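Q: Can you walk me through this one? I'd like to start with the metal site.

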Amino acid sequence: MSMQPSLNQLISCQDDYDPNSMPVEQARKFIRNFLNPVSATETLPLKAARGRVLAASIVSPLNVPGHDNSAMDGFALHSRDLNTASLKIVGTAYAGKPFPGTVKAGECIRIMTGALVPEGTDTVIMQERTQVSGEIMTMLEPPAPQANVRYAGEDLKAGHAVLEKGRRLRPADIGLIASLGIGEVLVYRKLKVAFFSTGDELVSIGKPLGEGQIYDSNRYTLHSMLESLGVEVTDMGVVPDDPQALEQTLVQASAQADVILTSGGVSVGEADFMKQLLEKLGQVVFWKIAMKPGRPLAYGKVGEAHYFGLPGNPVSVMVTFYQFVRDALLCLMGQTPVPALPLLKATCTEPIRKLAGRTEFQRGILFADPAGVWQVRPTGNQGSGILRSMSEANCFIVLDDHVGNLPAGAEVQVQVMEGIL
Ligand code: AMP
Ligand code: MG
């Protein structure tokens, strides 16, 4: 077993712990203290590594660029000759085809972007600032000494760590690694996440709806969010509100996954038998988070698997996923540090109704007004069952605990959804 303290040990150290009114930030902190990232690694070809987390730092085996080279199309000369208006052109340097000789005083060579700066030169003048007549180049406007030269090692220095262990690889990182001639990387293994929906009223797509039944949308939302994170997903379907079926599915999930996500069954009316079940199978706390939407949230462990019990309301599922699960999964995937999602400021076009004492994540549409100032308009109905509000929105309007009602024109904080996942 791990050396980590148990969930209840962690909680008992907190004198301000209140499961019935858990601030968002405190819940995040509890969860973070309880996570143990994957440690197994695998080697992947570079092209397959996007979104994966480096298990070893990338150290540059070479200088990039390898040699001083020109940043412009123009003429290479020595800075001592900058006061000489006209110089003799004695050759050409192309990218990949260097000028072989040494450039002497009073001489210059024609040079292309990326070509090595030849022996005897240290400055490049842009073509547009020159006039050429036969073999003579005249400088219309001399550059500063050493201008327009990219120096060896300016981008990356041999022996230096270019990307640290714990980095989650983005397209620019993949290119950076390729520029070093490295074709394979050591990354942490994929995180395995199993998920299912709970509820007697839920029907899977492809079956007709009976009276009082609804289609299970949460599994699709969850699947899509998990896929964007790059984890290995196991969809365990819909499980009815039946203790035996739930127990069986949870046990099965904990045997194969690092993380189990469920939706539904954690609200006041339904949590009782889930509580008993999870007490039996692991250690789980049930919180009422001081937030809207997403108030009920269960968190802990089932066997060795991390467990998140998300509320069933379709918007709550997404909000709790974005606000708690995303960070936790990135941490479990080995990413260090997991950066907080940026909060940007915008002017809200409508008045906002908001209760102080909890964090609200209202859905908004962020747009630039004709003057280029960012404005946000709340999507109409903010009910947590209205999935359309999530689909219409492109940002969350994040209203902190202390904020109350706001008039139109108030400055608010927004979190852009694009790029969160
Ligand atoms: P619960 O958290 O189980 O009490 O569910 C809260 C609300 O969300 C109820 O109206 C449920 O019918 C609805 N709901 C629960 N699970 C899902 C799901 N997988 N897809 C769509 N709606 C759901
Ligand atoms: Mg339910």
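Q: Which protein donors does the magnesium ion (ligand 2) have?
A: In this predicted model, the donors are E270 (OE) and E270 (OE), lying 2.5 Å from the ion.

Q: Where is E270 in the fold?
A: E270 sits in the loop between β17 and α6 (271-281).

Q: Ok, the sheet. What is the strand order?
A: Six strands make an open sheet, in the order β16-β13-β17-β21-β20-β18. The pairing is mixed.

Q: Which are the edge strands?
A: They are β16 (232-239) and β18 (282-288). Each of these pairs on one side only.

Q: And how much are neighbouring strands turned against each other?
A: By 15 degrees on average, ignoring direction.

Q: How many bridges join β18 to β20?
A: Seven. β20 covers residues 296-302, and the two strands run antiparallel. One of the residue pairs there is Q283 with K301, the latter in β20.

Q: Which strands of the sheet does helix α7 touch?
A: Helix α7 (residues 314-332) packs on the sheet and touches β13, β17, β20 and β21. Its direction makes about 170 degrees with that of β21.

Q: What about α4, which strands does it lie across?
A: Helix α4 (residues 218-229) lies across β13 (192-198), β16, β17 (259-263) and β21 (305-310). It runs at about 165 degrees to β13.

Q: Pick a residue in β13. Is A194 buried or exposed?
A: A194, in strand β13, is buried, because its relative accessible area is 0% and the cut-off for buried is under 20%.

Q: What does A194 touch?
A: Leaving out residues up to four places away in sequence, A194 touches T234, M236, A253, A257, V259, I260 and L261.

Q: How many Å separate the C-alpha atoms of A194 and E270?
A: They are separated by 21 Å, with the two residues 76 apart along the chain.

Q: How many aromatic pairs does the structure hold?
A: Seven. Take Y322 and F396: their ring centres are 5.5 Å apart and their planes at 75 degrees, so this pair is edge-to-face.

Q: Which parts of the chain does that pair link?
A: Distant ones: Y322 is in helix α7 and F396 in strand β25 (residues 395-399), 74 residues apart.

Q: Are those two buried or exposed?
A: Y322 counts as buried at 8% relative accessibility. F396 also counts as buried, at 0%.

Q: Last one, A410. Where is it found?
A: A410 is in the loop between β25 and β26 (411-416). At 12% relative accessibility, A410 counts as buried.

Q: What does A410 touch?
A: A346, T347 and C348, not counting residues up to four places away in sequence. The C-alpha atoms of A410 and T349 are separated by 7.8 Å, though these residues are 61 apart along the chain.

Definitions and conventions: Residues numbered from 1 in each chain as written. Chains lettered and ligands numbered in written order. Predicted model: local features only at pLDDT ≥ 70, side-chain atom pairs only at ≥ 80, totals over all residues. Heavy atoms only, no water. Pairing = 2+ DSSP bridges. Helix = DSSP H or I, 4+ residues; strand = E, 2+ residues; numbered from the N terminus. Axes fitted to C-alpha atoms, helices over the stretch in contact; angles between N-to-C directions. Contact = heavy atoms within 4.5 Å. Donors = N, O, S within 2.8 Å, 3.2 Å for Na, K, Ca; no water. Phe/Tyr/Trp six-rings, centres within 6.5 Å; stacked < 30°, edge-to-face > 60°. Buried < 20%, exposed > 50% of the residue type's maximum accessible area, 1.4 Å probe, protein only.
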